Amino acid sequence: MELNIGVIRGDGIGPEIVFEAIKVLNKVGEVYGHTYKYNELLMGGASIDVHGIPLTDETVAIAKSCDAVLMGSIGGDAKVSPWYKLEPSKRPEAGLLKIRKELNLFANLRPAVLYDELKGACPLKEELTEGGFDMMIMRELTGGLYFGNRETKQVDGVLTAKDELTYNENEIRRIAIRAFDIAMKRNKKVISVDKANVLDSSRLWRKVVEEVAIDYPEVTLEHMLVDNCAMQLVKNPKQFDVILTENMFGDILSDEASMITGSIGMLASASLNDTKFGLYEPSGGSAPDIAGKGIANPIATILSAAMMLRFSFDLDKEADAIENAVSQVLKDGYRTIDIMSEGKTQVNTAEIGNLIAENIK
Ligand code: IPM
Ligand code: MG
C-alpha cells in the first residue's frame, strides 16, 4: 500500500528523531511491501524562520490532504531564542495549537509503559513498580484553558491576566467515548481525573462521563481529583489502566507519567479526530539543550510511527514489528544516554535507529 504521510521535523532534536523514525518506517516498507509519499511540512520555529509565522494555512491544507502526520517536536529555548521575542500567537507553540484545532484532533493518546528492561531507569522504589505498569492517558486536546479567551490588561490600575476554561458536554462526551472504547480493548478500567471539588467545568465533566459509562457496563469507572492523581501516580502507578482527563491536567499528568517510565524519550503519542487521520508525535519536547549532538533518544518518535501504522493505516502486524524491534534492542542492552545504566551499551541517536531498523522482521 502507498502511505501518504505529512512530516513535520520541527525544531531542536525534532529533525534528528524524525530521521530515525523514517529510517525504521522505510525498513518496514521494504519488509512488508509498502511505499511512502512523505510531504515535508514546516511548523514551529522552522516555519517562523521561513514564513514569519509558526504554521501557514497552506501547510494546514497539505496536512489535511495526508493520511497521517508524523511530527518531531517544536519550540526552542525561550531564554535565548528570537522566536520568543514575538507575540505569543506567533511563537512556535501556537503552530502546534493551531494544527490541533484546525484538524480537530480532540483525542490525545499517551501510553505510559514501564518496560521490564528499563526498570532501572524508573526513579520509583522497585517494590512500587514490581511487574511493571501500563497505562493510557487520554487527554482532551482541543478545549479547556488552551483554547479559551485570554487577555492581559490593567484593571483599576493593576495589571491583570485572565484565561478562560470552558467545556461543553459534547466535547466531554466524545473524548469520554474514546476512553471507554479504548478501555474495552485493555483492562476495562477508566479513572476520570478532574477537580470537581472546585471547578464547574469539572463537575460537568464528571456528570457527562457518568452518562457515557452507562453504555459500558463492563468498564469500571472511578473518579479521582487531579491533585490526588498526581500523588497516586508516584505512590501506586499499577492501579491505572485508562486515565481520562481534560487538556491542562493531561498535559501535566502525562509528563509525570513519562518520568516514571524512566525517560520522556520513551513516550509516544497519537492525536486523533473522528476519522482515521492522526498526528503522531513523541510526548517530549524539543530539548534544545541537546539538539544537534546526536544523543537524543528517538524511541518515542519511532513508537509514535508504530501508533500511526496501527491507528491510521490498520497495519497492526507492521506496528507490532516496530514495537518488538524496540523491545529487542533494549533486551540486547543498547541504551541512549537518557536511559543508560550500568552494564549496558551506550549508543547514539543514529546507532539506536539502525539497530531498531535491523530488528524489523
Ligand atoms: C505537549 C506540550 C504542548 C502542550 C506545548 C508545547 C504547547 O507540552 O504536547 O504536552 O502543552 O500541549
Ligand atoms: Mg506537555
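## Aromatic pairs

Three aromatic pairs occur in the structure, where rings of Phe, Tyr and Trp (its six-membered ring) pair if their centres lie within 6.5 Å, and planes under 30 degrees apart count as stacked, over 60 as edge-to-face and the rest as tilted. One of them joins Y36 and Y38, which are stacked with 5.3 Å centre to centre and 10 degrees between the planes. Y36 is buried at a relative accessible area of 15%, while Y38 is partly exposed at 25%; buried means under 20% relative accessible area, exposed over 50%, and partly exposed in between (1.4 Å probe, protein chains only).

## Basis of the model

This is a predicted model, in which local features need pLDDT of at least 70 and side-chain atom pairs count only at pLDDT 80 or more, whereas totals for chains, interfaces and linings use all residues. Residues are numbered from 1 along each chain as its sequence is written, chains are lettered from A and ligands numbered from 1 in the order in which they are written, and side-chain values use heavy atoms, with hydrogens and water left out.

R139 belongs to strand β5 (residues 134-140); strands (E, at least two residues) and helices (H or I, at least four) are DSSP runs numbered from the N terminus. R139 is buried, at 1% relative accessibility. Its side chain makes a polar contact with the side chain of N247 at 2.8 Å. A polar contact is a pair of N or O atoms within 3.5 Å; within protein, one must be able to donate a hydrogen and the other to accept it, and residues adjacent in sequence count only if both atoms are side-chain atoms.

R139 also lies over the face of Y146, 5.2 Å from the ring centre, and K101 lies over the face of F147 at 4.7 Å. The criterion is NZ of Lys or CZ of Arg within 6 Å of the ring centre and within 35 degrees of the ring normal.

## Q239

Q239 sits in the loop between α8 (226-235) and β10 (242-245) and is buried, with a relative accessible area of 17%. Its side chain reaches the backbone oxygen of N236 at 3.1 Å. Beyond neighbours within four places in sequence, Q239 is in contact (heavy atoms within 4.5 Å) with K189, I191, M224 and Q232.

## Helix α11

The buried residues of α11 include E318, A319 and L330. These buried residues pack against α1 (14-32), α10 (299-311), β13 (334-335) and α12 (349-358). After α11 comes G333, with a positive phi near 95 degrees.
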